[in-house]
Structure formats: structure tokens, C-alpha cells
Amino acid sequence: MSVPHVGGLFRLAHGGGALAGVAVAWVNMNQRRRLTDPLLDNLVMILAPFTAYLLAELGEAVLWLRSR
């Protein structure tokens, strides 16, 4: 692995994490608009960051497997 390759993987991982965060935020906003129950609204709000984290980690795992 060369330095440019590692740099590209680093940028791709961070870009993928940002993309996962934007996707989860968009789904979260659309879902919260439709909810009328405050309890479900709070549940969706609390689970959103964990969902974004898990989605980003999944993307990084896939990227790691493809680089081997």
C-alpha cells in the first residue's frame, strides 16, 4: 500500500461516513414529520445517531473487505 492509496482510502472512509450521516438525517427528518406520538418521535430522535454510526461502520467494513 502506498501513501496515496492510503490517503484515498482515508478520504473515501470519511466521505462515506458523511454520506451515511446525511442519508440518516434525511430519513430521520421525513419520518419525524409524519409521527404524531411524542414517544415515538423521541425514540426516532435518540436512535438516529446510532443508526448513522452503524451504517458508516458497515460501509467501512465493506471497504476494508474490498481492499484485501
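This is a predicted model: local features need pLDDT of at least 70, side-chain atom pairs count only at pLDDT 80 or more; totals for chains, interfaces and linings use all residues.
Residues are numbered from 1 along each chain as its sequence is written, and side-chain values use heavy atoms, without hydrogens and water. Local features require pLDDT of at least 70 and side-chain atom pairs pLDDT 80 or more, whereas totals for chains, interfaces and linings use all residues.

The protein chain contains two helices and zero strands, where helices (H or I, at least four residues) and strands (E, at least two) are DSSP runs numbered from the N terminus. Its radius of gyration is 16 Å, well over the 11 Å given by the globule rule for 68 residues, so the chain is more spread out than a compact globule; the radius is taken over C-alpha atoms, and the rule is 2.2 Å times the number of residues to the power 0.38. The C-alpha trace spans about 50 × 15 × 15 Å along the principal axes. Helix α1 covers residues 3–34 and helix α2 residues 38–66.

The accessible surface of the chain amounts to about 5600 Å², with 70% belonging to carbon and sulfur atoms (Shrake-Rupley method, 1.4 Å probe; for residues, only the protein chains shown count as cover). Of the 68 residues, 13% are buried (under 20% relative accessible area; exposed is over 50%, partly exposed in between). Glu 60 counts as partly exposed because its relative accessibility is 43%.

One salt bridge is present in the structure (a side-chain nitrogen of Lys or Arg within 4 Å of a carboxyl oxygen of Asp or Glu). It joins Arg 32 to Asp 41, with the closest N and O atoms 2.7 Å apart. Arg 32 is partly exposed, at 32% relative accessibility, while Asp 41 is buried, at 18%. Asn 30, in helix α1, is buried because its relative accessibility is 18%. The Asn 30 side chain makes a polar contact with that of Arg 33 at 3.1 Å (N or O atoms within 3.5 Å; within protein, one must be able to donate a hydrogen and the other to accept it, and residues adjacent in sequence count only if both atoms are side-chain atoms).

Leu 40, Leu 43, Ile 46, Leu 47 and Phe 50 form a nonpolar surface patch of about 490 Å². Patches comprise residues with over 30% relative accessible area and no salt bridge, like charges being joined within 9 Å and nonpolar side chains (Val, Leu, Ile, Met, Phe, Trp, Tyr) within 5 Å. Leu 43, located in helix α2, is partly exposed at 45% relative accessibility.

Methods. Buried means under 20% relative accessible area, exposed over 50%, partly exposed in between (1.4 Å probe, protein chains only).
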